Amino acid sequence: MSTVAIGRSWAACDIGINAAANSMILLFLAPLIWIAAAVPWTVLHRALGKRHRGAAMTAGLLFALWFTWFLVTWLGMPNSYPAPSCPSNVPPWWPGFIPA
């Protein structure tokens with residue numbers, strides 16, 4: 001999900017060399033993002049899952065939402081790459097109530 005949102009923000013703000021280069025970067029990053037998201041789920045399941053299943057699922061879901069937001073705002077909207085089509089490097093489809 002986060003790789004799709006990063007790709008959409010790069011495409012909307014015209015970030016990068018071209019679409020093929022951006023796709024290759026995201027293809028390389030996808031397994032790393034998956035591992036970085038799976039490790040905390042495993043730790044939470046081992047730490048909380050045996051006694052508090054609901055707490056483990058809630059904590060895992062909150063972490064997944066935070067991690068997705070962090071990746072999209074960190075990788076998808078770089079401040080070092082100003083784009084004329086995206087004011088303040090925020091794509092037009094990004095919801096206004098979510099901070100970027």
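Analyst: A term to start with: helices here are DSSP runs of H or I with at least four residues, numbered from the N terminus. Note also that this is a predicted model.

User: Fine. What follows α1?

Analyst: Asp14 comes after α1, and its phi is positive, near 55 degrees.

User: And how far apart are the end C-alpha atoms of α1?

Analyst: They are 16 Å apart. Helix α1 covers residues 2-13, and its 12 residues at 1.5 Å a residue should span 16 Å, so the two values agree.

User: Which residues of α1 are buried?

Analyst: Ser2, Ala5, Ile6, Ser9, Trp10 and Cys13 are the buried ones. Viewed down the axis of α1, the buried residues fall within an arc of 135 degrees, so they line one face of the helix.

User: Why would residues three or four places apart point the same way?

Analyst: An α-helix has 3.6 residues a turn, so residues at that spacing point the same way.

User: What's exposed on the other side of α1?

Analyst: Val4 and Ala11 are exposed there.

User: At what angle do α1 and α3 pack?

Analyst: The angle is about 25 degrees, and the axes of α1 and α3 (residues 53-75) are 9 Å apart. Angles under 35 degrees count as roughly parallel, so α1 is roughly parallel to α3. The crossing of α1 past α3 is right-handed.

User: Which residues meet there?

Analyst: From α1, Ser2, Ala5, Ile6 and Trp10. From α3, they meet Thr68, Leu71, Val72 and Leu75.

User: Staying with α3, how many residues does it have, and which are buried?

Analyst: α3 has 23 residues and reaches 32 Å from first C-alpha to last, close to the 33 Å expected. Its buried residues are Ala56, Gly60, Phe67, Thr68, Leu71, Val72 and Thr73.

User: New topic. Is Trp34 buried or exposed?

Analyst: Exposed: its relative accessible area is 62%, and over 50% counts as exposed. Trp34 lies in helix α2, residues 19-48.

User: Where does Pro99 lie?

Analyst: Pro99 is in the segment after α3. Pro99 is exposed, at 54% relative accessible area.

User: What is Pro99 in contact with?

Analyst: Leaving aside neighbours within four places in sequence, Pro99 contacts Trp69, Thr73 and Trp94. Pro99 and Trp69 are 30 residues apart in sequence, and their C-alpha atoms are 9.1 Å apart in space.

Terms used:
Residues are numbered from 1 along each chain as its sequence is written. This is a predicted model: local features need pLDDT of at least 70, side-chain atom pairs count only at pLDDT 80 or more; totals for chains, interfaces and linings use all residues. Side-chain values use heavy atoms; hydrogens and water are left out. Helices (H or I, at least four residues) and strands (E, at least two) are DSSP runs, numbered from the N terminus. The expected span of a helix is 1.5 Å times one less than its number of residues. Buried means under 20% relative accessible area, exposed over 50%, partly exposed in between (1.4 Å probe, protein chains only). The arc is that of the directions from the helix axis to the C-beta atoms. Axes are lines fitted to C-alpha atoms, for helices over the stretch in contact, and angles run from 0 to 180 degrees between N-to-C directions. Angles under 35 degrees count as roughly parallel, over 145 as roughly antiparallel, 65 to 115 as roughly perpendicular and the rest as oblique. A crossing is left-handed if the near helix is turned anticlockwise from the far one by less than a right angle, and right-handed if clockwise. Contact means heavy atoms within 4.5 Å.
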